[in-house]
Amino acid sequence: MTKSDRTSRRLTLWYAQPALAWNEALPLGNGRLGAMVFGGVEQERLQLNEDTLWSGGPHCYDNPQAYGHLAEVRGAIEQGEYSRTESLAQNMLGRHKFQQSYLPLGDLFLDFPKRGKPSEYQRTLNMETAVSEVAYRIGDARFTRQVFASRPDEVIVIRLECDNPGQITFDLSMKSPHPSKSHALPDATLSLTGHTGPREESRLIGPWEGEGLKFTARASVTAEGGRVVIHGDRLSVEGANGATVYYAAATSYVNYQDISGDPAGKVGVYLDNIQGKCWEQLYKNHVDDHAVLFERVSIDLGGKASEDIPTDERLQRVARGAADPLLAEQLFQYGRYLMIAGSRPGTQPLNLQGIWNDQLRPMWGSKYTININIQMNYWVAEVCNLSECHEPLLRMVGELQSPGAKTAAVHYKAGGWLAHHNTDLWRGTAPVDGAQWGMWQTGGAWLCQHLWEHYLYTGDTEHLSNSYPILKGAAEFFLDFLVTDRDGYLMTSPSLSPEHSHGGASADGKSDGRKSATICAAPTIDMQILRDLFAHCMEASEILGIDEEFRAKLTQTRARLAPMKIGQYGQLQEWLVEWDNPDDPHSHVSHLYGLFPSSQINRRDTPALFAAARTSLMHRGKHRGWPGAWRISLWARAGDGDQAHDILTNYIVGNLNDNLFNGKQIFQIDANFGTTAGIAEMLLQSHGGEIHLLPALPQAWPEGSVTGLRARGGFEIDMWWEKGVLSRAAIRADRNGTCQLRAGVPVVIKQDDNLVKTDEIAEGVISFPAAEAQAYVVVPA
């Protein structure tokens, strides 16, 4: 793609005024550094983050007294004393009760002289280049600012230009909400140093005594013409023809057990490494690096008429009922853009707000909630051809082994490892927040699904070999933790269905949101996750040719797990006991894990459970935010693209901020990623050993195309459709194997214009041998 192609408006968000609030500013990132660009005329503000700047420090959350209460809690569950169970289980929480939070680093300001009222103002974010630009005219002078966060050069760069010479004048300053000091250095560099301080316990955020992480941020300035003047805690550029600001930052974080790093030294290296590189070279390095990832996937859903209308105005039009297919395209690519900007190999995983946060006490600590939210962040990675961006999460799963093994031993006297419903930078694995939320042992097991999914998409046996001990350790914990119920089934106890209370302590015996008890035995999601965990561990063992005896043990244990049940309303039961309430449209749909992201419930292999899951999905209604995003994928798996599209248009879009961050009242980035994953799931599915093209295409997208999506088994897929029917597809294989294809219409396979022999293995499914590095064309028969 040429530079002129990359500057098209099709994938550009744009606005006719500066951002007044944080959720109007535009996000940039290189995986480690995050910036929110406001685009002001008299003052430019970049709100800044560094992905390892968290509160607290290395800490073990385990509670040595917890195990002493386990038998009593299990006994209360067995007796049906659920209110008492909840009270007793509070004694099993970790120390501290709350984990730590992700923090802002500070702000960088450019203050400009007052010159008069601007005209022709535009503020943009080009997702194809990952460059934010501000342009406006004052009098006969046109001013432009471009900002980007470079992954290859580890700096944020601000370029200021004017078409009239000598017009670039501004003051540069930085500040932080933490104990800090800002001062100018003789080489036209502004330095900000500080540390995170002690804090008292607050809602959902733990206390900390003493200093925490140290940080350093520096901004250096070069100017063409004019001069740079040092003024104590700020730098001034006066009368320049153009100027460039280079920003770098780092913390003392080394790993979750070590914060002895040298942030000033790291920053010095970053700035030294760009010496001698001109603005144009830094720009090219950045755009080329971003393009390698972003340009792998394109999408066209028929959006053509609205790209010359500001993004915020388009959101308002959709809220009033207007159709805007281009907005769906942009939302899809925005999730991919945020993944590239927020998650790169070697960085921290995306948290509840990605890498963007301006609050000292963000909601839920802006940490890693692993009972759905962080998993949802990474549903995008493989199918949307960003497998490298999955690495931070996959690495974190491995890092949870050691603390998780200690928690298993201390809290449950069990082997293996586990993580409960939250973790943080310090890799806490004990139950936290409150027993009604935290007494859920299956968070780590769910994360293990990502290790397996990465293998299914990539076929990377080295990754599988490295992941196997992690999978095995997670399974070993549950071999020790599971207990036998009265019918001889194995079940988890104590546990809960994430963030949803059941009817065991309510007057009518029905679930009632969060008003009664949550703790129980064998919630459906646990059994589903364990079926996946054991199956993946068994299959990995067989592929690697190891651990035959352990594999046999898992096979026997898996067969004894408590089964999924269909209740009196035809619904999939959320709990082993029928507490479901069809009038309770709760946001969590944890028992539908088996439909998506798992595939153990599906139309062909488990038709009764599939119908029950669909009934549950209808009972739970439609929601905004991440619950709505999950429902897009669930309805896609149910084969109902129109229901999925209705949620996308009427619930997700209606909850977008002007900058497309999801959550007008509370920002959580998982909804952005879940929306992208949901759109992909509407267009392509590849579970159950077959590739299904256009499985849930809505009537609202009768013509379109998508290129570059990935399918399990090592395939890359391009598709075109007309009048709601597949017109052509291309399949590229990255390894030898068999491709099983479901296209919705009779098709033939060609290679180099020659027909490829296919076998019909089921109604509507054909199979053909696919060779590594070969491409195949699919056309209607």
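A: **Helix pairs and the spaces beside them**

Helix α2 (residues 70–78) packs against α3 at an angle of about 165°, and their axes are 8 Å apart. That makes α2 roughly antiparallel to α3, a label used for angles over 145 degrees, while under 35 is roughly parallel, 65 to 115 roughly perpendicular and the rest oblique. This is a predicted model, in which local features need pLDDT of at least 70 and side-chain atom pairs count only at pLDDT 80 or more, while totals for chains, interfaces and linings use all residues. Residues are numbered from 1 along each chain as its sequence is written, and side-chain values use heavy atoms, with hydrogens and water left out.

Helices (H or I, at least four residues) and strands (E, at least two) are DSSP runs, numbered from the N terminus. Each axis is a line fitted to C-alpha atoms, for helices over the stretch in contact, and angles between N-to-C directions run from 0 to 180 degrees.

Back to the pair: α2 and α3 make a left-handed crossing, meaning that the near helix is turned anticlockwise from the far one by less than a right angle (clockwise would be right-handed). Glu72, Val73, Ala76 and Ile77 of α2 make the contact (heavy atoms within 4.5 Å) with Tyr82, Arg84, Thr85, Leu88 and Ala89 of α3. These contact residues divide into 6 nonpolar, 1 polar and 2 charged. Here Ala, Val, Leu, Ile, Met, Phe, Trp, Tyr, Cys and Pro count as nonpolar, Asp, Glu, Lys and Arg as charged, and the others, Gly among them, as polar.

Now look at helix α13 (residues 443–458) and helix α14 (residues 461–481), which pack at about 155° with axes 10 Å apart. They are therefore roughly antiparallel to each other, and their crossing is left-handed. On the α13 side, the contact has Ala445, Cys448, Leu451, Trp452, His454 and Tyr455; on the α14 side, it has Thr461, His463, Leu464, Ser467, Ile470, Leu471, Ala474 and Phe478. Sorted by class, the contact of α13 with α14 has 10 nonpolar, 4 polar and no charged residues.

A further pair is helix α19 (residues 641–652) with α20, whose axes come within 10 Å and cross at roughly 155°. So α19 and α20 are also roughly antiparallel to each other, and α19 passes α20 in a left-handed crossing. Gly641, Ala644, His645, Leu648 and Ile652 of α19 meet Thr675, Ile679 and Met682 of α20. The contact of α19 with α20 has 5 nonpolar, 3 polar and no charged residues.

On a 1 Å grid over the protein atoms alone, a cavity is a set of points where a 1.4 Å probe fits but cannot get out, and a pocket is an open set with protein on both sides within 12 Å along at least five of seven lines; lining residues have an atom within 4 Å of a point. Grid points are joined across faces, edges and corners, and the volume is the space filled by probe spheres set on the points.

Searching the whole structure turns up 7 cavities of 30 Å³ or more. The largest cavity holds about 210 Å³ of space. It is lined by 18 residues, and the closest to its centre are Trp379, Glu453, Tyr457, Phe596 and Arg712. α9 (379–383), α13, α20 (670–683) and β24 (684–685) each supply at least two residues of this lining, and α13 gives the most, with 4 residues. By class, the lining of the largest cavity has 8 nonpolar, 5 polar and 5 charged residues.

Phe596, one of those closest to the centre, is joined to Pro597 by a cis peptide bond with omega near 15°. Pro597 sits in the loop between α16 (548–559) and α17 (607–620).

Finally, the second largest pocket has a volume of about 580 Å³. Of the 28 residues that line this pocket, Trp452, Leu456, Gly688, Gly689 and Arg712 lie nearest its centre. α13, α15 (524–544) and β29 (737–742) are the elements that give two or more residues to its lining. Here too α13 gives the most, with 5 residues. The lining of the second largest pocket divides into 8 nonpolar, 12 polar and 8 charged residues.
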